[in-house]
Amino acid sequence: MLSELKIGSRVVGAKQTKRAIADGRALRVFLAMDADPRITPPLAALCKENHIPVEHVCTMSELGAVCNIAVGSAVAALIS
């Protein structure tokens, strides 16, 4: 699943992901398991409300690397 995120259109970060969900552009959301627990559960609940699949990845650094950024990321979304 991370390969889709690597080559597809995406947004990175909680604010951008929330915006993509609200706009109906998010197709799938990726959450890092080692992210701050104040960030990921609310996003997971928002995804559930909007029927958006959630994928859990091991680390923030892994998610950041897949998104081609130099730092870790708690969340990213594949968008249309």
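This is a predicted model: local features need pLDDT of at least 70, side-chain atom pairs count only at pLDDT 80 or more; totals for chains, interfaces and linings use all residues.

Reply: Residues are numbered from 1 along each chain as its sequence is written, and side-chain values use heavy atoms, with hydrogens and water left out.

Me: What is the order of the strands in the sheet?

Reply: Strands of a sheet pair through backbone hydrogen bonds, either parallel or antiparallel. Helices (H or I, at least four residues) and strands (E, at least two) are DSSP runs, numbered from the N terminus; two strands pair if DSSP finds at least two bridges between them. Here four strands form an open sheet with mixed pairing, in the order S1-S4-S2-S3. Strand S1 (10-12) and strand S3 (54-57) are the edge strands, each pairing on one side only. From one strand to the next, the twist averages 20 degrees.

Me: How many bridges join S2 to S3?

Reply: S2 and S3 run parallel and are joined by four bridges. Within S3, Val57 stands opposite Ala32.

Me: Which residues make up the largest nonpolar core?

Reply: A nonpolar core is a set of buried Ala, Val, Leu, Ile, Met, Phe, Trp, Tyr and Cys residues joined through side-chain atoms within 4.5 Å. Buried means under 20% relative accessible area, exposed over 50%, and partly exposed in between (1.4 Å probe, protein chains only). The largest core has twelve residues: Val11, Ala20, Ile21, Ala26, Val29, Leu31, Leu43, Cys47, Ile52, Val75, Ala77 and Ile79. At least two residues of this core come from each of helix H2 (14-23), strand S2 (26-32), helix H3 (40-49) and strand S4 (75-79). Apart from this core lies another, of eleven residues, including Leu5, Ala32, Leu63 and Val66.

Me: What does Val75 touch?

Reply: Val75, in strand S4, counts as buried because its relative accessible area is 0%. Not counting residues up to four places away in sequence, Val75 touches Val12, Gly13, Ala14, Thr17, Val29, Phe30, Leu31, Leu43 and Leu63. Between Val75 and Gly13, the C-alpha atoms are 5.3 Å apart, although the two residues are 62 apart in sequence.

Me: Is Thr17 buried or exposed?

Reply: Thr17 has a relative accessible area of 0% and is therefore buried. This residue lies in helix H2, and outside the four places on either side in sequence Thr17 touches Val11, Val29, Leu43, Val75, Ala76 and Ala77.

Me: Where is Ser73 found?

Reply: Ser73 is in the loop between helix H4 (60-66) and S4, and its 5% relative accessibility makes it count as buried. Leaving aside neighbours within four places in sequence, Ser73 is in contact with Val12, Gly13, Ala32, Met60, Leu63 and Gly64. A polar atom of the Ser73 side chain lies 2.8 Å from the backbone oxygen of Val75.

Me: How many salt bridges does the count come to?

Reply: A salt bridge is a side-chain nitrogen of Lys or Arg within 4 Å of a carboxyl oxygen of Asp or Glu. By this rule the count is four. One of them joins Glu4 and Arg28, with the closest N and O atoms 2.7 Å apart. That pair links distant parts of the chain, Glu4 being in helix H1 (residues 2-7) and Arg28 in strand S2, 24 residues apart. Glu4 counts as partly exposed at 32% relative accessibility, whereas Arg28 counts as buried at 17%. Arg38 forms a salt bridge with Asp36, their closest N and O atoms being 2.6 Å apart. Through shared partners, salt bridges join Glu4, Arg28 and Glu55 into one network.

Conventions: Contact means heavy atoms within 4.5 Å. A polar contact is a pair of N or O atoms within 3.5 Å; within protein, one must be able to donate a hydrogen and the other to accept it, and residues adjacent in sequence count only if both atoms are side-chain atoms. Axes are lines fitted to C-alpha atoms, for helices over the stretch in contact, and angles run from 0 to 180 degrees between N-to-C directions.
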